[in-house]
Amino acid sequence: MRIAVVNNCVPFLRGGAEYLAETLCEKLTEHGHQAILVRLPLRWHPPQTILHSILTSRLLQFPNTDRVIALKFPAYYVRHPDKRVWLLHQFRQVYDLWGTPLQGLPDDSQSRLLRNVIIRCDNQWLREAAKIYTNSPVTQQRLRRFNNIDSEVLWPPLKDTALFRPGEYGDYVFFPSRLSAAKRQRLAIEAMAYVRTPVKLVLAGPPDTPAEPQQLEQLAAKLGVAGRVVLMARYISEAEKGELMSRALACLYPPYDEDSYGFVTLEAYAAARPVITCADSGGTLTLVRHEETGLVVEPRPEPLAAALDRLYRARSEAQRMGEAGQKLVASLEISWQRVIEALTA
């Protein structure tokens, strides 16, 4: 089968969705299909440019293509007689993030009009798909709540679990993610001002904006924790990430209302590392079970610091929870075989 995988992209910005799209193409090819990845540039500043991206998606033609698999807004607006959607997330700024500090759009009449347009387009054009999968129960519930559209959960697997091998439990907590307000690296740095043990924090990932690394460094210096915070403000390879995860004490991943469990949690459990997350972190709570596979705390610096100290003082607890995470993922049978079978049926 000749398959086009269609995703949006912000040029030169890379995250979990880009990783998933590329891996999906590789796995489709391994299973005997011909696959190409089509990336549609997206920008939302100024907000009116979003309309250009919507129009571009609708005008695209896919000749000589048997099936289209679309992943994110506005890529899932493309037209094709055999379109499948594996929904990673919609344009959340007009849904659950609307009216919050993460809205990212001006609170004016033009943005409200844009919001109505996007919701209407989602309601109409998502329904063109022959089948809709979502990457987690959280995304599934949002789609049902806001658009009254049903879907089936299809868990995204890691590309290569062998990169994340259990090693010695070190003296740092590893937080790999894009440097972004929604991922809450600031909260992690603020927590370091309250820790009582020598635990360190390693942040690694490309910044959403050029100013983000400097702002995080300034915050660490202001709080007097710069010597215990390592900031790697760049894209790190999977091999480098695996090495850092395999030597960490634990994994920290406290995003605000994440769509899915995040590849970070799978990577941590593959390395038998517990995950520390927050009670409002959304999809991560699918896999992070308090006191069993990790620790779930309120999104404030003090309880987060207490969780870091607790695992530093009790490495045996970190190991027990990390190994429980390994077993949990194994029990869910998250695999590329299952994904490919579903998307090519």
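Modeller: Let us start with the second largest pocket, whose lining has 9 nonpolar, 2 polar and 1 charged residues by class. Here Ala, Val, Leu, Ile, Met, Phe, Trp, Tyr, Cys and Pro count as nonpolar, Asp, Glu, Lys and Arg as charged, and the others, Gly among them, as polar. Please keep in mind that this is a predicted model, in which local features need pLDDT of at least 70 and side-chain atom pairs count only at pLDDT 80 or more, while totals for chains, interfaces and linings use all residues. Residues are numbered from 1 along each chain as its sequence is written, and side-chain values use heavy atoms, with hydrogens and water left out.

Colleague: Which residues line the second largest pocket, and what is its volume?

Modeller: In general, rolling a probe the size of a water molecule over the atoms shows where empty space is left. On a 1 Å grid over the protein atoms alone, a pocket is an open set of points with protein on both sides within 12 Å along at least five of seven lines, a cavity is a set where a 1.4 Å probe fits but cannot get out, and lining residues have an atom within 4 Å of a point. The second largest pocket has a volume of about 180 Å³, a volume being the space filled by probe spheres set on points joined across faces, edges and corners. Its lining consists of Pro157, Leu158, Lys159, Thr161, Leu266, Tyr269, Ala270, Gln326, Val329, Ala330, Ile334 and Trp336. At least two of the lining residues come from each of α8 (262-270) and α10 (315-332); helices (H or I, at least four residues) and strands (E, at least two) are DSSP runs, numbered from the N terminus.

Colleague: How many cavities of 30 Å³ or more does a search of the whole structure find?

Modeller: The search finds 1, and about 40 Å³ of space lies in the largest cavity. Around that space stand His89, Gln90, Arg92, Tyr95, Asp96, Thr139, Arg142 and Asp259, a lining that divides into 1 nonpolar, 3 polar and 4 charged residues.

Colleague: Next I look at pairs of helices; at what angle do the axes of α2 and α3 cross?

Modeller: The axes of α2 (residues 49-59) and α3 (residues 109-125) come within 11 Å and cross at roughly 20°, axes being lines fitted to C-alpha atoms over the stretch in contact, with angles from 0 to 180 degrees between N-to-C directions. That makes α2 roughly parallel to α3, since angles under 35 degrees count as roughly parallel, over 145 as roughly antiparallel, 65 to 115 as roughly perpendicular and the rest as oblique. Ile50, Leu51, Ile54 and Arg58 of α2 make the contact (heavy atoms within 4.5 Å) with Leu114, Val117, Ile118, Cys121 and Trp125 of α3. By class, this contact has 8 nonpolar, no polar and 1 charged residues.

Colleague: How do α7 and α8 pack?

Modeller: Helix α7 (residues 238-246) packs on α8 at an angle of about 55°, with the axes 10 Å apart, and the two are therefore oblique to each other. Glu238, Lys241 and Met245 in α7 meet Val264, Glu267 and Ala268 in α8, so that, sorted by class, the contact of α7 with α8 has 3 nonpolar, no polar and 3 charged residues.

Colleague: At what angle do α5 and α6 pack?

Modeller: Helix α5 (residues 185-192) and helix α6 (residues 212-222) pack at an angle of about 15°, with their axes 10 Å apart. That makes α5 roughly parallel to α6. On the α5 side Gln185, Arg186, Ile189 and Glu190 meet Glu212, Gln215, Leu216, Leu219 and Ala220 in α6, and the contact has 4 nonpolar, 2 polar and 3 charged residues.

Colleague: Finally, let us turn to the backbone: which residues does a cis peptide bond join?

Modeller: A cis peptide bond joins Phe73 and Pro74, with omega about -10°, and Pro74 lies in the loop between β3 (67-72) and β4 (83-89). Another backbone feature is found at Asn64, in the loop between α2 and β3, where phi is near 60°, a positive value in a residue other than glycine.
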